[in-house]
Amino acid sequence: MATLVLHHQTSPAQDAEALHQAFKGWGSDGKAIIAILGHRNVHQREEIKKAYEEIYQENLIKRLESEISGDFERAVYRWMLEPADRDAVLMNVAIKNGPKEYNVIAEIASVLSAKELLAVRSAYHDRYKRSLEEDVAAHTTGHLRQASHFHTNNLSLLVGLVSSYRYEGDEINEKLAQTEANILHESIKEKKANYEEVIRILTTRSKTQLVATFNRYRDEHGISISKKLVDQSSDDFVKVLHTVIRGINDHKKYYEKVLRNAIKKFGTDEDGLTRVIVTRAEKDLKDIKEVYYKRNSVHLEDAVSKEISGDYKRFILALLGKQD
């Protein structure tokens, strides 16, 4: 369930006018911006953007970028984008930042439905005038000069993930789950693991089939495949692989861990915190909050409140559904 709390909206034009008023004077009125944008759904935000441009002949997102700054600006900017466009931007940033953020590409590609991922690829093409697959391949190929298996595997895995269109039915082939659980076990049990078959399975099978395979692996070997990977190796490719498996197997538990790690870091990982809250607030953030509480015995809002401050804190708390 979503955490976004919608307040009564009189009209997009009145919201646009109130935002314009918030921009006047020395420094913008962050609380006024949050009171409006932090309580409008994606359709309403699109209508506000249209109304603002019609009234003031100015792009609202660009005006927001010039009026606010820091983590607050980045969070509001991402919130104001349509979901597919937002994910396209997140993908592009991750591609540019290189191997340390390949997990973000894997996260988005693994968690989204086939239709949602297709919409992201279309949005990416519209925004950057290149295909997502092309950019992923070009940037990961650039690292292949090091001739490391890590980069070859990353190229195959990431391109396979972003270009996939998975079947989304509920059918499970139990015999295939058994066979592929064995293949996964054989592929990763050696230190010099052969990941070709792992990549093939993870990028082609339906999520329902993969969950059945992961369950069979755990039943057969007494350990989850994600834990086996982490125990065996800590290289960056295995971290990406781990993200894919966690994201497919139980994305709510995966997001809880992203939030936990973001808050636990020496100096909060605002990018990770913002990414999860902004992308899930209109989907299932309430469920993720419940998982967080069960795992940490503290409410996510309380944990977040201790780590961040100012308008950024107020905005994130608004998206978490905390009422003033």
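**Close-up views of a predicted model**

View 1. Lys129 is exposed, with 66% relative accessible area (exposed means over 50%, buried under 20%, partly exposed in between, using a 1.4 Å probe and protein chains only). The model is a predicted one, where local features need pLDDT of at least 70, side-chain atom pairs count only at pLDDT 80 or more, and totals for chains, interfaces and linings use all residues. Residues are numbered from 1 along each chain as its sequence is written, and side-chain values use heavy atoms, with hydrogens and water left out. You'll find Lys129 in the loop between α8 (114-128) and α9 (132-142); helices are DSSP runs of H or I with at least four residues, numbered from the N terminus. Lys129 isn't a glycine, yet its phi is positive, about 60°. Most residues other than glycine have a negative phi.

View 2. Gln57 sits between α3 (42-56) and α4, in the loop. Gln57 counts as exposed, at 63% relative accessibility.

**View 3. Ser110, tucked into helix α7.** Ser110 belongs to α7, which covers residues 102-111. Is Ser110 buried or exposed? Ser110 is buried, since its relative accessible area is 0%. Its side chain reaches back to the backbone oxygen of Ala106 at 2.7 Å. Leaving aside residues up to four places away in sequence, Ser110 touches Leu161, Lys207, Val244, Gly247 and Ile248 (contact means heavy atoms within 4.5 Å).

**View 4. The largest pocket.** This pocket holds about 1300 Å³ of space. A pocket here is an open set of points on a 1 Å grid over the protein atoms alone, with protein on both sides within 12 Å along at least five of seven lines; a cavity is a set where a 1.4 Å probe fits but cannot get out, and lining residues have an atom within 4 Å of a point. Grid points are joined across faces, edges and corners, and a volume is the space filled by probe spheres set on them. The largest pocket has 45 lining residues, and Asn103, Thr243, Tyr254, Val258 and Asn261 are the closest to its centre. Elements giving two or more residues to this lining include α7, α13 (207-221) and α16 (251-264). Which helix gives the most? That's α15, with nine residues. By class, the pocket lining has 14 nonpolar, 12 polar and 19 charged residues (Ala, Val, Leu, Ile, Met, Phe, Trp, Tyr, Cys and Pro count as nonpolar, Asp, Glu, Lys and Arg as charged, and the others, Gly among them, as polar).

View 5. Helix α5 (residues 70-80) is mostly covered, with eight of its 11 residues buried. Among the buried ones are Phe72, Arg78 and Trp79. The whole structure has one cavity of 30 Å³ or more, and the largest cavity has a volume of about 40 Å³. Its lining is made up of Ile61, Leu64, Glu65, Glu73, Val76, Tyr77 and Met80. α5 gives the most to this lining, with four residues. Five of the lining residues are nonpolar, two are charged and none is polar.

**View 6. Leu37 in the largest nonpolar core.** This core has 93 residues, and Leu37 is one of those with the most contacts inside it, along with Ile33 and Leu64 among others. A nonpolar core is a set of buried Ala, Val, Leu, Ile, Met, Phe, Trp, Tyr and Cys residues joined through side-chain atoms within 4.5 Å. Again setting aside residues up to four places away in sequence, Leu37 touches Leu19, Arg45, Ile48, Leu64, Val76, Trp79 and Met80.

Technical notes:
A polar contact is a pair of N or O atoms within 3.5 Å; within protein, one must be able to donate a hydrogen and the other to accept it, and residues adjacent in sequence count only if both atoms are side-chain atoms.
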